[in-house]
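Me: I have a model open and want to go through some of its local geometry. Can we take it piece by piece?

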Amino acid sequence: MAVALSPLGAFAHRHRLPVIAVWLILLVGGGAGAATLAGETSSSFSIPGQESTTALERIGEEFGARGEGATARVVVAAPDGGTLTTPENAGAVSALVTELGGLPGVAGATNPLDPATPSVNQQQDTAYSTVTYDAVPGEVTPEQQDALLAALEDARAGGLTVEVSGEATQQAPHVGGPTEAIGVVVALVVLAVTYGSLAVAGMNLLTAIVGVGIGVLGVTIATGFLDLSSTTPTLAAMLGLAVGIDYALFIVTRYRQELRSGADVGAAIATAVGTAGSAVVTAGLTVVIALAGLSVVGIPFLTQMGVAAALTVVISVLVALTLVPAVLGYLGHRALPEKQRAAAQAATAGDAAPAGGRGFLAGWARAVTRRRVLSLLLTIAALGVVSIPFFSMRTTLVQTPGEDSTQARAQELLAEGFGAGSNGPITILFEGDDAAGAAASASTSVAQLDDVALVTPPVPNPDGSAALLTVIPQSGPTDPATEQLVADLRAQLAGLDGAEASVTGQTAVSVDVARSLDEALPVYLALVVGLALVLLVLVFRSLLVPLVGVLGFLLTIAASLGTTVAVFQWGWLADLVNLDTTGPLISLTPILVIGILFGLAMDYQIFLVSRMHEAHSSGARAVESIRTGFRQAAPVVVAAALIMFSVFAGFVPAGEATIKSIAFALATGIVFDAFVVRMVLVPAALALLGGRAWWLPRWLHWLPALDVEGAGPQKAAPAPGRHRETVSAAS
């Protein structure tokens, strides 16, 4: 691999202007395409073929727009001590319903005081109007949402309390904002400290932004042709920016080392791309496979998210291998701090690693390897304690609105007036020759089930071939009792005579998707763990080193999700992450976190242990090779982890529940993996294993070796200083 990549680096250096021009053209073209071809994204999640999803499609066919359009529930409450049935209040409610029915994009709005279809509580002080849009969930425009909110003001002026909730009011997550910008600024500071040069730090950041910009713009263009989740562009941006900065960091760091050792600019670029670039390709490949591997769980929206993020990572790798060396060609020796340039050009500076093995990280490596048993036990114990909340993790697709939002106030009014279950009604679709009769007959037995608060009268379609029955649970939509009720309803209606019954509605869809994701999680975890073992065996030609890496990854996952459960589900330190409400994790969080953290954990494992392997292959003793490799690679891994953490943490305070928990889990996972697993557990475990760590059975010697250390081009390269190009620092 290294032999093939070195010429690519040399090509990018020789043709740096065309290379830079091509990337800028792609960026500008992507912007133009996104501006003209972008479509709407969807904020709803469903899995084709499931009972709840199929039933929703059937409702759309049998009941028209009423069944398939996005809905909002406008909740109206009378002034304290009053009722909605007084002439004044009833007139205000009627005027509100008329205004709602005429809003842009609205197909119809129900009158809660209509005797034919009442939706008012027994006390007559709380009611709600169901507003149905022509657009499907996730496609109600911001302008239509603003018009809906504006329509509530007139009713409020008349003394009524009016709030709104529902899928039609959900806003798509944004891709950028102030908090994300803070994360980028922190990344820039880390780069500037690492390089000792603001110019090089800015170059690193700009090349990463070019890559993530092209990736996100490509995803935006795809929304015009595919039904993508609104979370997809944000996920692609978050991951693409983090890996883009890190991959450029690895290339630039190796380039600077080559300059210090006396190589000219062209040779240094070729060597950096051949050596660090090999590790970048291998690391990027692990992330891509982990994300693309999400397709094996058979959930379309998850596959789309994984593939989109994977393509953004591919672009980041290509940027690191071509655009970064092209820009380095113009920087020349200015990539080094000013004090080091003259020494580098005179080939007297030596290697970047401290020759005497001094410094904090060198001392850290000596302490960890000297007290290897204690370090190992303390690490496992600490991560084990942090992982405890993981075993009480619950997931859902129901997003809890922010505390001060109109959605939260609407849900509170509904819970007070109708019970907690009114925020998560369950719909039963009956289909058959006597659907209405079957629904009426079944309603009696359904009402006797545990956790059922109310069963509404059946609503038939015009030809009587289908009917809808609405069940209001006693518990809220995220309560385990509601999930059990969905299962009980299906068991109760399984053998119904005269009609076929299907349990659906947003609550049932959430239950089905969460269950499918939970069932897919062990399969996916086994896939990525197996992949890690195979990949690391090929890289390090060892069985025990991969085993240590994978066990460390499992501890990282458990600790990361455990911390996330403690904060988002239990409410510990909730104010620290700007969390409005607590509850189950979004169903996407565990499986996405496993996929992304797997790739990143293998990045750190490869970059850190490959230097140890290189030292051991050169004849160093087992413990000394660990210390040497740690001293050389740890500074870059620490900088990369700090950058990753700052980028992910920047997405936490933004407020969108879907992204917030994922970003928090990734940020904490980076801390656990980079600073605990890779900096303590791995060197301690390898020191404990000694020379046995690099053992590979004879029957596996046929396996190919992946050259991520760049041994091939290094052996073939001429001694530093020979056959130099004449390249000035300003070139």
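This is a predicted model: local features need pLDDT of at least 70, side-chain atom pairs count only at pLDDT 80 or more; totals for chains, interfaces and linings use all residues.

Me: What span should α19 have, and how far apart are its ends?
Reply: Helix α19 covers residues 544-569, and its 26 residues should span 38 Å at 1.5 Å a residue. The expected span is 1.5 Å times one less than the number of residues. The end C-alpha atoms of α19 are 36 Å apart, which agrees.

Me: How many of its residues are buried?
Reply: In α19, 21 of the 26 residues are buried, so the helix is largely enclosed by the rest of the structure. Buried means under 20% relative accessible area, exposed over 50%, partly exposed in between (1.4 Å probe, protein chains only).

Me: Strands next. What does β1 pair with?
Reply: β1 (residues 71-77) is joined to β3 (residues 126-133) by seven bridges and to β4 (residues 161-165) by five bridges. It runs antiparallel to β3 and antiparallel to β4. Two strands pair if DSSP finds at least two bridges between them.

Me: What stands opposite Val76?
Reply: Ala127 in β3 and Val162 in β4.

Me: And how many residues of β1 are buried?
Reply: Six of the seven, so β1 is largely enclosed by the rest of the structure.

Me: How many aromatic pairs are there?
Reply: Seven, counting rings of Phe, Tyr and Trp (its six-membered ring) with centres within 6.5 Å; planes under 30 degrees apart count as stacked, over 60 as edge-to-face and the rest as tilted. One of them is Phe360 and Trp364, tilted, at 6.0 Å centre to centre and 40° between the planes. Both lie in helix α13 (residues 360-370), four residues apart, about one turn of the helix.

Me: Is Phe360 buried or exposed?
Reply: Phe360 is exposed, at 65% relative accessible area, while Trp364 is partly exposed at 33%.

Me: What kind of pair do Phe390 and Phe391 form?
Reply: The pair is edge-to-face, because the planes are at 75°, with the ring centres 5.4 Å apart. Phe390 is partly exposed at 24% relative accessibility, and Phe391 is exposed at 69%.

Definitions and conventions:
Residues are numbered from 1 along each chain as its sequence is written. Side-chain values use heavy atoms; hydrogens and water are left out. Helices (H or I, at least four residues) and strands (E, at least two) are DSSP runs, numbered from the N terminus.
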